[in-house]
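User: I would like to learn how to read charged side-chain pairs in a model. Please take me through some cases.

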There are 2 protein chains.
Amino acid sequence: MADSRIQSRNRAAILEAGLEIFSRHGFRGATLDQIAAEAGLSKPNLLYYFASKEAIHRTLLLGLMDTWLDPIRRIDPQGEPLAELLAYVSRKMALTRQYPRESRLFANEILQGAPHIADTLSAELKTLVDALADQMQAWIDAGRLAPVDPHHTIISIWALTQHYADFDVQVRAVLDSDDPLDRAEAHVTQLFQRLLQPVD
Amino acid sequence: MADSRIQSRNRAAILEAGLEIFSRHGFRGATLDQIAAEAGLSKPNLLYYFASKEAIHRTLLLGLMDTWLDPIRRIDPQGEPLAELLAYVSRKMALTRQYPRESRLFANEILQGAPHIADTLSAELKTLVDALADQMQAWIDAGRLAPVDPHHTIISIWALTQHYADFDVQVRAVLDSDDPLDRAEAHVTQLFQRLLQPVD
DNA sequence: CGTCCATTTTACCGATTGGTCAAATCAGCG
DNA sequence: CGCTGATTTGACCAATCGGTAAAATGGACG
């Protein structure tokens, strides 16, 4: 009795439309009519698949969290410290470039004070970050990483990678329009290389 | 025939209330009733002082731009390159710490695609940034600054400083609660010092 | 005090919003 | 085909939204 083909197709269309609209206008700025139009369904038909506007939003955010936390999980404690962290930076950059709407959806939620995911943040996310911070501290103590504040370094990685997706308009306004976004990744990589490379 | 005392007092109260509400809920998320309540006025009384909800928002954004662009204007081309840039970073950090609501107001606007200030961004802001980038390139050519991409370095400064104000909830969720925000400034300063310090 | 203009309030409006409900339609299946 | 449950639609609703009109109030000044 799982989802029928039509069920899963429409649910997917609604989530796709919701992502598009929510990421562009925020939760309050988005309307069910907009989402319905984007999904090619009528408004009451939307509400046949999701109980409420908030349900669509919640489903999107929860589904997003796993994808968003994945790059940090793939850091290998056995690997070469600098290479592992730069690979993490690279994965995060790729993520924001591939999923800018997801990034803005997340940014909107945090900006409003994270009313829907505050618990996930202080539980799941904090656990992951603390573990990585401990790992980094161990690397620092072993002289394999420059002495930096682990927590703030992780925050810096988020700040830089997310900025290119979330503040896209500002970035484009300031860069020459023909300036490719590739330079962004090169620059961010260089930045963290200089910060993290241990000096003997 | 300038503003009477009561005029300027109420206009100020409305802008203060608008800043509080807009920065917390975004433009569409904020309501005139909320702003009126926060300002201690009735809704029609609000509209006696400002023609519309958008007028309040526009006034706030325009008034903010000057303050926000000030730190970049105070960079001295005659000064010592690294010291000048680190002082700029420090001023920006102080700004976001002192005016987090203004920072979030700005962030909300950019996230929605900067519908109200797109022209200011691509004109005034771009001019300032291009000038600073030229200055930095000259410093780099003179060997007084490490070879970095000037534009992306400026963007990095914004990304890091704004992040602490705009993503405050996430930052607090991840840091130990007794961890003072001072460490943020120390970390960011260290980061840009390592990035920008020329190596002979 | 009375006048005049600035200020404030009360009552209201049309549009939009998220959401409901019952009827209509459709798809699969014997 | 004819039945049955899943899906879709049109009509509608109460609440909230930004904003208006006009009357009421307040304050400064002669």
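User: Is K126(A) buried or exposed?

Analyst: This is a predicted model. K126(A) has 17% relative accessibility; the cut-off for buried is under 20%, so K126(A) counts as buried.

User: Which side chain does K126(A) meet in a salt bridge?

Analyst: Side chains of opposite charge can pair when their charged atoms come close. Here the partner of K126(A) is D176(B), with N to O at 3.2 Å. The pair crosses between chains: K126(A) sits in helix 7 of chain A, and D176(B) in the loop between helix 9 and helix 10 of chain B. D176(B) is partly exposed, at 42% relative accessibility.

User: What does R183(A) pair with?

Analyst: R183(A) forms a salt bridge with D149(B), at 3.3 Å from N to O. R183(A) belongs to helix 10 of chain A and D149(B) to the loop between helix 7 and helix 8 of chain B, so this pair joins two chains. D149(B) is buried at 13% relative accessibility, whereas R183(A) is partly exposed at 45%.

User: Which parts of chain B does the pair E16(B) and R101(B) link?

Analyst: The closest N and O atoms of this salt bridge are 2.8 Å apart. E16(B) is in helix 1 and R101(B) in helix 6, 85 residues apart, which links distant parts of the chain. Both E16(B), at 40%, and R101(B), at 21%, are partly exposed.

User: Which residues are linked with E16(A) in a network?

Analyst: E20(A), R24(A) and R101(A) join E16(A) in a network of salt bridges.

User: How many salt bridges are there over all chains?

Analyst: The search of the whole structure finds 24.

Methods. Residues numbered from 1 in each chain as written. Chains lettered and ligands numbered in written order. Predicted model: local features only at pLDDT ≥ 70, side-chain atom pairs only at ≥ 80, totals over all residues. Heavy atoms only, no water. Salt bridge = Lys/Arg side-chain N within 4 Å of Asp/Glu carboxyl O. Helix = DSSP H or I, 4+ residues; strand = E, 2+ residues; numbered from the N terminus. Buried < 20%, exposed > 50% of the residue type's maximum accessible area, 1.4 Å probe, protein only.
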